Structure formats: C-alpha cells, structure tokens
Number of protein chains: 2
Amino acid sequence: MQRIAIAPPQIHDNYIALTPEQCHYLTRVIRLPNGAQFQAIDGTGKLYLAELEIDRSQQHSSSGNARIISTFNSELDPIANRELPPTINLICALPKGNNFDDIVRACTELGVTTIYPAISDRTLLVPSPQKLQRWRKIAQEAAEQSERLTIPTIEEPQTLQTIFSQLSASNANRYWCEARGDRPHLLECLQSTTTPITTQITIAIGPEGGWTPDELDRAIEYDFQLVSLGRQILRTITAPIVALSIVSAATCTNTRPQVLI
Amino acid sequence: MQRIAIAPPQIHDNYIALTPEQCHYLTRVIRLPNGAQFQAIDGTGKLYLAELEIDRSQQHSSSGNARIISTFNSELDPIANRELPPTINLICALPKGNNFDDIVRACTELGVTTIYPAISDRTLLVPSPQKLQRWRKIAQEAAEQSERLTIPTIEEPQTLQTIFSQLSASNANRYWCEARGDRPHLLECLQSTTTPITTQITIAIGPEGGWTPDELDRAIEYDFQLVSLGRQILRTITAPIVALSIVSAATCTNTRPQVLI
C-alpha cells in the first residue's frame, strides 16, 4: 500500500488536510481513485490508514482531504516496529561530491535518529542550503520506503565544536571511528560496555583523509572513545553504513532475548 | 604511492612486463618519470614495489618494463594485511538497474573473496557479458583503492542450482538472509556457531521482493541456515553491505584476542 509522509499539523479531527503536492501525487501521479486507501506517517512514530475523499467537482483541483480510518502507534506493535531501541546520532564529516546523498539514504534505512553533517578540518566545501533541503527530502523518502514511522532529523552542517555543544548531556556510548588506528573494534566496545546500549549511541565518521590529530584530541575531551571498524580501508561513503550496521546488529541481538522471554 | 593491478604471468625474473594500457597509464595519465616507484598487486596476495624502466627512445612507445625492488607477501605482515581471516563467498541475487556495480564496489572494500551473481526466481533481467567485464573491472579498482592485495573473483551470473553445485564441499557457516522473517540474527549465529568462522563463510542475499518459498526450501536442503539482518527493511543494494559488515566485525573481534596474546 502506498505510503506518504505528512506533518502533524495536517491532522484535523479525523481528517488529513492534503497539501497540493500530496494531492497531485495521490490523484495524478499514482492515480488513486476517490475512496482508495493509503498510509500516512507523521514522522514521530504514528501511522494513519486513510481514505481519499475528494469531491468529484474538485477532482482536478489542487487540494483535498483524506479521512483517517485507523491510527497505528509503533510502540504498541513491536513486530511491525522498524525502529532500533536506542536513539542513534551520527556525526558525519561532509565528503566530496554528492556522496552524502547515499549516506543519508542508507543510514535512514539502518535506523539513524539524527544526522549531524560536520564541517571538519579536512572538509573541502561547505554545502549550499539547497543540499540540506535535498538531504531532508531523501531522509523522508528513505523512511517511507523502509517502512519507518520516524523520519530522521538532518541538522544543518556545522563545525565539530558546535555539534559537541548540541549533544545531549549524557556522555555514555560515544564512539569516534578512526581509520588506520590500532583501536578496539566498535562491536567489541558495544558488546562490553557497562552502560546500556539501548538508550543512546553517538557515532562519528571522518572525512577523506581522516581526522586531524587536533580533532582526535577534542573528541577524547568530549568523552568519545576512539574505535576501529576493522582492518579494511573503507571509503567515506561506506564507513557510516558499516558503523550503523554494527550498531544495529549489536542492539538487535542485545534486545532479542528480552523479546523472546 | 600509486598502485596498479597486474596478472601473475607478467612477472619475468625480476621484471614486470607492462601492458600497453599500464604503460600508457603510468607514463601518460599519471606522468610518472622514468625511475619512479609504484606498487603492483597480482591479485593473489602479493605486492611488488617496482621502478619504471623505459628507454628514452621508447618513452612514447606502447610497452615497457618495471624492475621489481621488493616483494611483499600479505601473510607475512599482519599489520598491513587488509584481508579478513575467512574466505567469504557472497551469493547475491541480481537487483534491478545498475545497483550491482555499487554492491561489487562496497563488498570488495569489505573483504569479499568470491561474488556469485545469482539469477533467482524473481530476477527480471539477465545481464549482458559486458556487465560481467564491468563488475570485474570495478572489483579490481576497488581492491586497489582499499589497499587489498587480493582481487575478488566475480563469477558469471548463474542459477542458484548451478551456484550450489560449485560451492566447496564444506557446508559449515552457510547463511541465507531472509527479509521480514522471524529468524535469528546473523551476528548471533556467527558468535554462537561451534564451527570456526575463520575458515569459510557463505552468505546469500535475495532480490527485490525476496526469495520465493521454493528457493528457501532449496537453501535449507543445501545446509544454509535462515538468518535475519535485523528488523529494518533494507534495499537490495544495502543488504549485502550490512551482511558483510557483520561478517567482518564478527571475524575481526573473534580473532583479535589471538593477535593480542
């Protein structure tokens, strides 16, 4: 069934007030007839089953409504819940070219909560505001495609110092990935930490050329643990996907026994 | 330092007989002067440090030699060895479009040994022979870029039945990833198996729409264990990267204590 993303203020009583774009998409692009059902997610964990209700006279107009048939809350149905237990923050140094598009897409699939695009010492270009809009659109589409009910937040590109000041007060489970370093493996750290990994995990991934020594020092000051993703040399586009795959696997297997008992 | 891939028969005594393409690349594209050093990998785990030796009279000719200064064997230097301990076979159902390019590139970075492109029940198009050449070229370039000394083998696209008949006799550690199934997590299986995971691991990833029930039955017949990659819905392009990330993490952390002791 078709799924679209809506904003919570679009809900009025038992109706979704569709925007002209959504109306166009549902009636003209995918050609849903009046009365057809579709799903809408509000990005905060709620899913609505809704029915298109457009007056015949308004069929080709630019606005319309959808009647809500039922509301689904991700917390109440663990089977269909695609969210990982912890809040996952990804600090990712901006790579060259359009590679950040693919990072946003794959990390959304893998359950990231917030992405902080970081302007690191070795970042070459600060992206335009249009890029940020593009990444947010990609995150929304990837969340729809992978059936997530939560749409990740993509913050504005900022320096590491600004990002550090925005992180939540809890400084547990902060991991700073370093290529070519002899550090303990991220999986090892996640599986041996004494602080629960089901609450919050923050991961940082460097740019082409890696972090500068000064950046590593500042990360340690902010309670990040330096970790390795293995002995391979990964591209900057692959490294965040590998890191989130490990976080996802560690938290899934960590919580699995609780689900079974 | 620049690194190129060569074929083992190009080695004669202490010289590498460069092909016209390699010669053109070294002298004209990256403009190495005579006597400059570069690295060559033969794809089987050996790396050569070599020095360009082209007669002045032959500077613009289409052939040339390189004198081997030293030979490096990956097994003898564990620090610079990018290879994972096990042989990793990836059976990957052919996805739509050009997505297989990205799968080959990322899985090469992550240490795959052999990729079997699979024509599954839900594969829509059988690719042209040009595609296979393209994937082999991508694997070679990705191996060079990620500093691997081994270039993965990309087999011809084949049906599952043919692939099953080609797998080695050892049937341990065969994992068949199934989306939307309630299966044990791949990481859990790798960390609890009693057969060593440092020898050989075979992973299978399905196409868009997943495996058919008949394919799942045949996989079980061939001693594959059905596993999950977590509760997320992944694109066919993301799933193999996630699976290999988990294999890499499990085998790295598994062997780490042996290295330290």
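Modeller: Let's start with a term: contact means heavy atoms within 4.5 Å. This is a predicted model, in which local features need pLDDT of at least 70 and side-chain atom pairs count only at pLDDT 80 or more, while totals for chains, interfaces and linings use all residues. Residues are numbered from 1 along each chain as its sequence is written, chains are lettered from A, and side-chain values use heavy atoms, with hydrogens and water left out.

Colleague: Good to know! How many residues of chain A are in contact with chain B?

Modeller: By that rule, 39 residues of chain A are in contact with 39 residues of chain B.

Colleague: And how much area do chain A and chain B bury between them?

Modeller: About 3,400 Å², with 51% of it on carbon and sulfur atoms. Buried area is the accessible area (1.4 Å probe) that two parts lose on being put together, summed over both.

Colleague: What makes R235(B) and E109(A) a salt bridge?

Modeller: The term asks for a side-chain nitrogen of Lys or Arg within 4 Å of a carboxyl oxygen of Asp or Glu. R235(B) and E109(A) meet at 2.5 Å, N to O, so the pair qualifies. The count between chain A and chain B is 4 salt bridges.

Colleague: Which elements give two or more residues to the side of chain A that touches chain B?

Modeller: They are α2 (99-109), α5 (186-192) and α7 (239-260) of chain A; helices here are DSSP runs (H or I, at least four residues) and strands are runs of E (at least two), numbered from the N terminus. The largest share, 11 residues, comes from α7(A).

Colleague: How do you know that the two copies are related as by a two-fold rotation axis?

Modeller: Copies are superposed by least squares on the C-alpha atoms of residues with pLDDT of at least 70 in both. Chain A can be laid on chain B with an RMSD of 0.1 Å by a turn of 180 degrees and a shift of 0.0 Å along the axis. The two copies are therefore related as by a two-fold rotation axis. The same surface serves both copies, as 100% of the contact residues of chain A recur in chain B.

Colleague: Back within chain A, why can E53(A) and R67(A) be said to tie parts together?

Modeller: Their side chains meet in a salt bridge at 3.2 Å, N to O. E53(A) lies in strand β5 (residues 46-53) and R67(A) in strand β6 (residues 64-73), so the pair ties together parts that are 14 residues apart in sequence.
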